[in-house]
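Work through the exercises below with the model open in your viewer. Try each task before you read its solution.

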Amino acid sequence: MFPLISLMESVSCKWLLLSFLLISWASSGLGAVDGVKGGKVRGVNLGNWLVIEGWMEPSLFNGIENQDMLDGAKVRFQSLSLNKYVSAKYGGNTGLVTVDQNIANTWETFRLWRVSQSDYQFRTLNGQFLSCPGKGASITTTSKLPSLNETFTIERSSENRVIIKNSGGTYLQASSGRNKLTADYVGTPGFNDGNAAIFKMTFVGDQMQGEYQLCNGHGLKNATKVLTEHRNNYITREDFQYLSQHRINTVRIPVGWWITKDPNPPAPYVGGSLSALDNAFKWAQEVSIKCIIDLHAAPGSQNGKDHSSGRDDSIDWPSHIPETLEVIEFLASRYGNDPALLGIELLSGPSSPEVPFDILQKYYEDGYDIVRKHSPTAYVIMCQLSSYNAADPPEPAALYQANTGKGKSYVVVDLHYFNVHKSLFDNMTAQQHINYLHDTRKTQMNSLNAADGPLVFIGEWVNEFGIGGWSQREYQNFGRAQLDVYGSASFGWAYWSLKNDANNHWSLKWNIDNNYLQLNA
């Protein structure tokens, strides 16, 4: 009799303990996300699929002529006869162009707009273009809308010496005495020393390798071939099966605004991304995975980065909000009733301070209303402002303090957490990186989780930290700490990204297959 009673008591205690754990698990918010297996998002980004990021797959750009002179490349021109730099005074605002600077800075830096592999337009700091009305004229900066007068042909030598001619065929030269740049060179110059038409071209900073650069660099025919093959093979049904096997329940899918114009988007983009997104929803439904559509590249670029498909590093999105809302309307109307849809992210990575907070908040409010027209339960995800020039992004609590999403249902705030590419992280030890997660990130997340407002989503993170080069055990420990900290987010997390051909540690698949990130430990 005693052993039976002891057994019953033991079983009862175990059930009581299990019940307590389940109640605690539910009350902690782990079951807060409707329609997701496991109660929270355990996701991954399908980056570099429908919005190209060349740093993740450099081979996509193979075969492009003058590959270092894609749209957005920053160049400077130094006259070899005067030993002075070409300068757009006050960044182009005065209209005056001189050849009189000994040291190059922002006024002497021009952003390329590629017309062909040899024809270019030169954009100044403040957005004006170098312009030449004809033979014998001085070069000015009087137009923000480039056309034929703002188009120049560059001829290069092997040493990056260049000669430049205007659209009428006259070569430019540095005029001694006046220090002007003029279109009045007589004849055809060579590349001999002392020639006033010769300039040394130097590049500044990193090259942009986004979808705009790829399409414009390849041209319509080649870009169509490259991107069709890429979209058909980079992400497949088998990838969704793989994710399901590893308990990934959500994919965040970056898309570009041009998807709304498929199958014939405006130049230089090429069609096909919409049918690929349709496939993703079909494959997701087959394995019970949910989809988040992420507007990663908005009209005008919200952050000036190649991953938002800007032509250069300008941030012009605030002038294109009506067109952006049309994109949200298109996506919500097409996928709002799809059973695989979990949510729509209205914008990814808007940059501060170029995107004013009040403008962003109004856009989020309008975007929410559009999504709600088509779905009462799709999550509306609002990304915090990002700063690409500071150790930490702007305080995400601003969205809560401004009551963004207050009184609305199914609203989420997206935070992007990376321990890379900031000087703050360069000299930390592995343990200091882990401490930063617990002391700074977890504290911030706990505060937001407790706030009366949207759910919290870590929409981008990666198992890389500092300057890299850590041992497998150190990567495992850091990854475990991230899963612990980000796993406390009330909505969940999504790794960046499923695949990365250029950097293994940014690939979730590589991390899983090589036991660097132990998802199910």
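The exercises go from the whole chain to single residues.

This is a predicted model, in which local features need pLDDT of at least 70 and side-chain atom pairs count only at pLDDT 80 or more, while totals for chains, interfaces and linings use all residues. Residues are numbered from 1 along each chain as its sequence is written, and side-chain values use heavy atoms, with hydrogens and water left out.

**Exercise 1. The whole protein**

Find how many helices and strands the protein has, and what percentage of its residues count as buried.

Solution.
- Start with the elements. The protein has twelve helices and 20 strands. Helices (H or I, at least four residues) and strands (E, at least two) are DSSP runs, numbered from the N terminus.
- Next, burial. Of 521 residues, 53% count as buried. Buried means under 20% relative accessible area, exposed over 50%, and partly exposed in between (1.4 Å probe, protein chains only).
- Then the box. Along the principal axes, the C-alpha atoms fill roughly 115 × 50 × 45 Å.
- Last, contacts, meaning heavy atoms within 4.5 Å. Among those between residues at least 6 apart in sequence, 69% join residues at least 24 apart.

**Exercise 2. Helix 5**

Work out what span helix 5 should have, and compare the distance between its end C-alpha atoms. Then list which of its residues are buried.

Solution.
- Helix 5 covers residues 273–286, which is 14 residues.
- The expected span is 1.5 Å times one less than the number of residues. That gives 20 Å, and the end C-alpha atoms are 20 Å apart, so the two agree.
- The buried residues are Ser273, Leu274, Ala276, Leu277, Ala280, Phe281, Trp283 and Ala284.
- For the spacing, recall that an α-helix has 3.6 residues a turn, so residues three or four places apart point the same way.
- Now look for partners. The buried residues pack against several helices, namely helix 3 (220–233), helix 4 (237–245) and helix 6 (321–335). They also pack against strand 14 (250–256), strand 15 (290–297) and strand 16 (341–345).
- Step past the helix end. Just after helix 5, Ser288 takes a positive phi of about 60 degrees.

**Exercise 3. Helix 2 against helix 3**

Describe how helix 2 and helix 3 pack: what is the angle, and how far apart are the axes?

Solution.
- Two packed helices are described by the angle between their axes and the distance between the axes.
- Helix 2 (residues 211–218) and helix 3 pack at about 130 degrees, with axes 6 Å apart. Axes are lines fitted to C-alpha atoms, for helices over the stretch in contact, and angles run from 0 to 180 degrees between N-to-C directions.
- Angles under 35 degrees count as roughly parallel, over 145 as roughly antiparallel, 65 to 115 as roughly perpendicular, and the rest as oblique. Helix 2 and helix 3 are therefore oblique to each other.
- Helix 2 contributes Glu211, Leu214, Cys215 and His218 to the contact. Helix 3 contributes Leu220, Asn222, Ala223, Val226, Leu227 and Arg231.
- By class, this contact has six nonpolar, two polar and two charged residues. Ala, Val, Leu, Ile, Met, Phe, Trp, Tyr, Cys and Pro count as nonpolar, Asp, Glu, Lys and Arg as charged, and the others, Gly among them, as polar.

**Exercise 4. Asp414**

Is Asp414 buried or exposed? Find which residues it touches.

Solution.
- Asp414 sits in strand 18.
- Its relative accessible area is 0%, so Asp414 is buried.
- Not counting residues up to four places away in sequence, Asp414 touches Arg252, Glu345, Ile381, Met382, Cys383, Gln384, Phe457, Ile458, Gly459 and Glu460.
- Phe457 is 43 residues from Asp414 in sequence, yet their C-alpha atoms are 4.7 Å apart.
- The side chain of Asp414 makes a polar contact with the side chain of His416 (2.8 Å). A polar contact is a pair of N or O atoms within 3.5 Å; within protein, one must be able to donate a hydrogen and the other to accept it, and residues adjacent in sequence count only if both atoms are side-chain atoms.
- A polar atom of the Asp414 side chain also lies 2.8 Å from the backbone nitrogen of Gly459.

**Exercise 5. Backbone checks**

Find which residue is joined to Pro263 by a cis peptide bond.

Solution.
- The bond joins Asp262 and Pro263, with omega about 10 degrees.
- Pro263 lies in the loop between strand 14 and helix 5.
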